[in-house]
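My plan is to look things up one by one and jot down what I find.

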Amino acid sequence: MDNHGRGPDPRPEGGADDAPLESLADPGRRPLPYEGVWRFTAPALDASVPQARHAVRDLLLRQGVPVSEDLVQGLLLIVSELVTNAVRHAALLSPTLAVEVAVGAEWVRVAVEDNHPYRPTALEADHEETNGRGLLLVREITREAGGVCDVEHTAGGGKVIWAALPLKPLRMP
């Protein structure tokens, strides 16, 4: 996985100004061993959903990110929903998608990028429908964790959907 650093803030460059998370990094401090940005691409196919989920889980474990099991499960559900949306709704114009995981000292951000220009919104789904609740679920998981999420256009005309959640370091006995 390539490391494409985006700085200390959990929001992608050009992120929403109203997001409550601020840059938590002290310019003079040394990065923690688990801090960094990793990005990988995958085909916009159903098989990419579990592959992305496993890659994110393995990355968090391998890097030693101090993340609770509840937060890991939330992040994996967010990744599953975002990759599923890209596969279902963007594959025609975006045969490849990108997943990015960025970890700071006090937050972790997951993002999924595709080349489709449509900017989805989290709409209330009909209670009879079995589909259409993915972004609502992403927003709710993010909100419950005290994080922020957004959808932004990319320079290439596509979009990136991201969620940044605060890390709650595990307390050692």
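**Entry 1: helix 3**

Which exposed residues does the face of helix 3 turned away from its buried side carry? I looked, and found Arg-143 and Glu-144 there. I note at once that this is a predicted model.

Helix 3 covers residues 134–144. Its buried residues are Gly-134, Leu-135, Val-138, Ile-141 and Thr-142. I viewed them down the helix axis: they fall within an arc of 125 degrees, so they line one face of helix 3. Then I asked what they pack against. I found helix 2, strand 4 (148–153) and strand 5.

Leu-136 also sits in helix 3. Is Leu-136 buried or partly exposed? I read a relative accessibility of 24% for Leu-136, so it counts as partly exposed; the cut-off for buried is under 20%. I also checked Leu-136 against Glu-81, which is 55 residues away along the chain. Their C-alpha atoms are separated by 9.9 Å.

After helix 3 comes Gly-146. I noted its phi as positive, near 85 degrees.

**Entry 2: the overall layout**

I stepped back to the whole chain. I counted three helices and five strands. Along the sequence they follow the pattern β-α-α-β-β-α-β-β. The protein has 173 residues, and buried ones make up 49% of them.

I then looked at contacts between residues at least 6 apart in sequence. Of these, 69% join residues at least 24 apart. The accessible surface comes to about 9,700 Å². Carbon and sulfur atoms hold 53% of that surface.

**Entry 3: helix 1**

Helix 1 runs over 48–63. How far apart are its end C-alpha atoms? I found 22 Å. At 1.5 Å a residue, its 16 residues should span 22 Å, so the two values agree.

I listed the buried residues of helix 1: Ser-48, Val-49, Ala-52, Ala-55, Val-56, Leu-59 and Leu-60. Down the axis of helix 1 they fall within an arc of 130 degrees, so they too line one face. Their cover includes strand 1, helix 2, strand 2 and strand 3. On the face of helix 1 turned away from the buried side I found the exposed residues Leu-61 and Arg-62.

Gln-63 lies in helix 1 as well. I read a relative accessible area of 23% for Gln-63, which makes it partly exposed. Leaving aside neighbours within four places in sequence, Gln-63 is in contact with Pro-33, Tyr-34 and Trp-38. I also checked Gly-36, which is 27 residues from Gln-63 in sequence. The C-alpha distance between Gln-63 and Gly-36 is 9.2 Å.

Helix 1 is followed by Gly-64. Its phi is positive, near 70 degrees.

Strand 2 takes in residues 96–103. How many of its eight residues are buried? I found seven, so strand 2 is largely enclosed by the rest of the structure.

I traced its pairing next. Strand 1 (residues 36–43) pairs with strand 2 in the antiparallel sense, over eight bridges. Thr-41 has Ala-98 of strand 2 as its bridge partner. Strand 3 (residues 107–114) also runs antiparallel to strand 2, joined by six bridges. Here Val-103 stands opposite Val-108 in strand 3. Strand 2 and strand 3 form a hairpin, with three residues between them.

**Entry 4: the nonpolar cores**

Which residues touch the most other members of the largest nonpolar core? I found Val-83, Leu-97 and Val-103, out of 39 residues in this core. The elements giving two or more residues to this core include helix 1, strand 2 and helix 3. Helix 2 gives the most, with 10 residues.

I followed up on Leu-97. Leaving aside neighbours within four places in sequence, its contacts include Phe-40, Thr-41, Val-83, Ala-86, Val-87 and Val-112.

Notes:
Residues numbered from 1 in each chain as written. Predicted model: local features only at pLDDT ≥ 70, side-chain atom pairs only at ≥ 80, totals over all residues. Heavy atoms only, no water. Helix = DSSP H or I, 4+ residues; strand = E, 2+ residues; numbered from the N terminus. Buried < 20%, exposed > 50% of the residue type's maximum accessible area, 1.4 Å probe, protein only. Contact = heavy atoms within 4.5 Å. Areas by Shrake-Rupley, 256 points an atom, 1.4 Å probe, with all protein chains shown as cover. Pairing = 2+ DSSP bridges. Core = buried A, V, L, I, M, F, W, Y, C linked by side-chain atoms within 4.5 Å. Expected span 1.5 Å × (residues − 1). Arc of directions from axis to C-beta.
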